[in-house]
Amino acid sequence: MTVMETKIKRGDAADGVLGGRLSRMDGPTKITGKAVYAIENQVDDVVHGVTIQSTVAAGTITSMDISAAEAAPGVLLVLTPDNIMQLKSATTWAGTPGPEGPYLALTKEITFSGQHVAAVIAETLEQATAAAALIDVSYDEKPAIFGFDDPRAGDGIAVEQMTIEWGDAEGALAEAPVRIEHEYKTPREYNVPIEPHGLIAKWDGDVLTLWEPSQWVDGMARSYAEWFGLPFENVRIISPYIGGGFGSKALSLPHAALAIMAAKKLGRPVKLAVTRPQTFTAFGGRPATRQTLALGATKQGRLLSIVQRGANETAMTGVALEPLGAVTSIMYDVPNFSSKQNIIPVNTVLPGALRAPGENPSAWGLESAIDELAYAVGVDPVEIRLLNYAERDPHAKIPWSTRQLREAFAAGGEAFGWPKRSPEPRSMRDGKQLIGWGVAAGTYPVRRTPGEALVRILADGTAEVASSGIDMGQGTYTILAQTAAEVLGIPVEQVRVKLGDSALPRAPVAGGSQLANLMTGAVHKAALAARDELIGLALNDPNSPFRDAQANTLTISEGRILPPRGEGDGVAIIDFMRQIGREKVETLRDTLPEDKREGKDRYDNFTTMMTMKAPTEGGYSLHSWCAHFVEVRVDEDFGTVRVSRMVSALDSGRLYNPKLAESQWRGGIIMGIGQALLEEGIVDERYARVINNNLADYLVPTNSDVPDLEVISVGIPDHHASVLGGKAVGELPIVGVAPAIANAVFHATGKRIRELPITLEKLI
């Protein structure tokens with residue numbers, strides 16, 4: 001398989017167009033086991049690689065004895081810092097200069113436990129694994145900083161671009177009649193996709209083909225091309241299915257560089273996959289964060305000032321930023337505001353992106369603090385949020401494109417039964433179960449970066465949509481087919497979608513909740529152009545039966561070109577294409593800004609435009625919004641917490657496929673439940689080593705942890721945000737879930753938890 005090619009089975013009539021509840025067409029393929037994931041591809045003459053990790057967190061490799069490994073059965077190559085290929089630097093996802101190439105593969109300088117120090121390539125996986133155990137590495141070990149609670153970590157480094165201020169926040173806080181101030185913390189959290197990271201690397205001369213799960217085949221292909229000094233077109237990534245990513249499969253990583261090097265040195269394809277424990281150190285998840293929030297308010301609960309001071313961990317060798325002011329600076333109308341943030345280098349792998357990076361921990365602090373303020377002034381937690389409702393963006397000082405957050409509070413509260421809530425903590429119970437109700441809000445910005453789509457109308461009357469964008473379960477294949485079918489006037493089962501191949505027209509990362517809005521817009525434009533081309537042929541081709549028709553009189557419906565005013569049954573597209581002797585009609589359309597479309601290479605600036613600027617284009621502030629209502633049951637004797645009921649109302653603008661959007665919302669909410677109650681990377685402070693690096697000890701939600709989740713759409717089409725009116729869907733729902741649960745726990749128990757996860761040890 002070189003690219004995923006699918007046809008969608010027809011549901012009812014409404015499902016076949018954009019906005020219909022068509023089921024995801026890759027579902028049957030996956031549940032029947034027919035889906036072929038990246039490293040399941042069968043490549044001739046393939047050999048196998050494994051990586052070896054450092055056992056210390058800081059220091060230098062002083063010696064490495066690989067002789068026994070090289071002599072082991074089946075071993076073909078041992079890669080070490082002494083014999084790796086020298087990689088060139090590659091630009092980051094934002095188009096800025098990246099780290100030096102050698103650091104990306106192997107180095108003798110050790111900065112975290114679990115760092116790659118060597119790789120073994122052998123005929124079989126078993127042989128490579130056995131040989132790897134024979135490598136003896138000696139270190140000059142140095143003291144390691146285990147995390148930002150280490151006394152040696154210090155206060156870190158100020159990140160000036162994260163400073164957001166207006167008014168006199170410190171002065172207003174000092175004079176406020178009501179003040180609260182607390183620290184809120186989150187631990188390291190990991191992506192833990194069910195499909196581990198891995199790839200098959202194959203060289204054909206100076207052409208590199210990779211089968212690798214990827215959230216951004218285009219960007220990762222660019223990175224590999226730059227690392228190995230290749231033209232972009234010489235690197236092809238094929239990503240037919242992806243078994244989860246959550247932000248972790250968007251960038252090229254060191255283990256992939258090692259596999260590509262080995263394949264080049266050996267002249268044979270190399271398959272390499274990281275183990276489950278290695279997924280905790282081969283790439284980084286969300287860094288630990290801490291933030292102190294001070295809120296000043298009137299006695300009635302009207303905010304006067306917010307002062308936030310935050311920090312997140314980063315690696316010794318790179319900068320990772322979890323913007324803690326992302327939600328704090330826009331959620332509420334406050335006349336005085338100050339937010340500053342530091343990063344604190346510790347001995348850890350460079351943290352990465354995990355669903356709603358920045359917005360997630362930012363909402364954890366703010367929505368916990370605003371709940372504390374509600375109790376301090378005796379105002380209902382929903383009412384205090386409405387009292388401080390921001391009618392326009394308080395940071396950018398411009399209008400919202402749309403903001404249906406009032407409607408979310410109203411719809412969610414009604415469905416949940418919020419008016420029946422007894423306000424006093426510990427006042428609701430069911431036997432030994434303390435009942436708590438909590439609420440929190442969330443937001444996520446509308447991000448927009450460039451991309452392309454190709455639409456073809458083929459001689460057999462079907463259509464084809466092609467782009468390098470990917471589908472990792474969010475439903476890209478389905479909604480793009482629906483988009484094209486609606487525009488072209490053909491049944492949705494006659495649309496074939498090709499994705500997940502860097503050889504196709506270029507698309508941005510499937511991250512930042514942007515791909516659906518961008519690619520439906522691009523496909524819509526391309527399909528309109530293809531339809532116009534087809535009608536143009538019908539009007540002008542000498543062999544066309546419609547040659548004498550007037551312009552703007554022909555239509556296309558149900559796969560037929562129809563004459564004006566119902567004059568006859570028209571002609572099926574397949575018959576028309578045969579009559580005029582055409583094999584296809586195709587159009588390529590992009591979403592690049594006008595000033596980027598010309599020049600010797602229209603893509604010169606493609607990567608530099610991948611900057612996540614404030615979403616304020618066109619004089620509007622572009623965001624999605626949500627409100628979560630949660631019921632928890634806390635066992636009075638044992639302190640165990642269960643989420644027993646949850647209603648979430650969300651504003652994601654127009655939903656291109658409500659069934660798939662609701663699935664994305666529920667998935668994000670479930671991840672939020674895990675964050676609130678279960679997930680925590682535990683670090684051994686003696687060795688700066690993650691010790692729960694497996695799915696038995698790093699806990700994620702299972703079916704028994706998740707109640708029925710009611711999700712309600714309150715969005716309206718927002719054409720400032722996107723061509724077809726949609727806003728962010730996938731990253732939004734996790735934002736605000738953890739504080740809603742913590743607020744419910746306080747209502748149930750009277751005990752405020754300010755450090756995640758909420759465990760029985762913290763409650764008893």
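Val455 stands opposite Val465 in strand β21. That pairing is my way in. A quick word on the model: it is predicted, local features need pLDDT of at least 70, side-chain atom pairs count only at pLDDT 80 or more, and totals for chains, interfaces and linings use all residues. Residues are numbered from 1 along each chain as its sequence is written, and side-chain values use heavy atoms, without hydrogens and water.

Now strand β20. Strands are DSSP runs of E, at least two residues, numbered from the N terminus. Two strands pair if DSSP finds at least two bridges between them. β20 and β21 (residues 463-466) run antiparallel, joined by four bridges. They form a hairpin with four residues between them. Gly461, in the turn, has a positive phi of about 90°.

On to strand β26, residues 584-590. Seven bridges join β26 to β20, again antiparallel. Here Leu458 stands opposite Lys584.

Is β20 buried or exposed? Seven of its seven residues, 452-458, are buried, so the strand is largely enclosed by the rest of the structure. Buried means under 20% relative accessible area, with a 1.4 Å probe and protein chains only. Glu452, Leu454, Arg456 and Leu458 point one way. Ala453, Val455 and Ile457 point the other way.

A cavity is a set of points, on a 1 Å grid over the protein atoms alone, where a 1.4 Å probe fits but cannot get out. Volume is the space filled by probe spheres set on those points, joined across faces, edges and corners. The whole structure has three cavities of 30 Å³ or more.

Technical notes
Buried means under 20% relative accessible area, exposed over 50%, partly exposed in between (1.4 Å probe, protein chains only). On a 1 Å grid over the protein atoms alone, a cavity is a set of points where a 1.4 Å probe fits but cannot get out, and a pocket is an open set with protein on both sides within 12 Å along at least five of seven lines; lining residues have an atom within 4 Å of a point.
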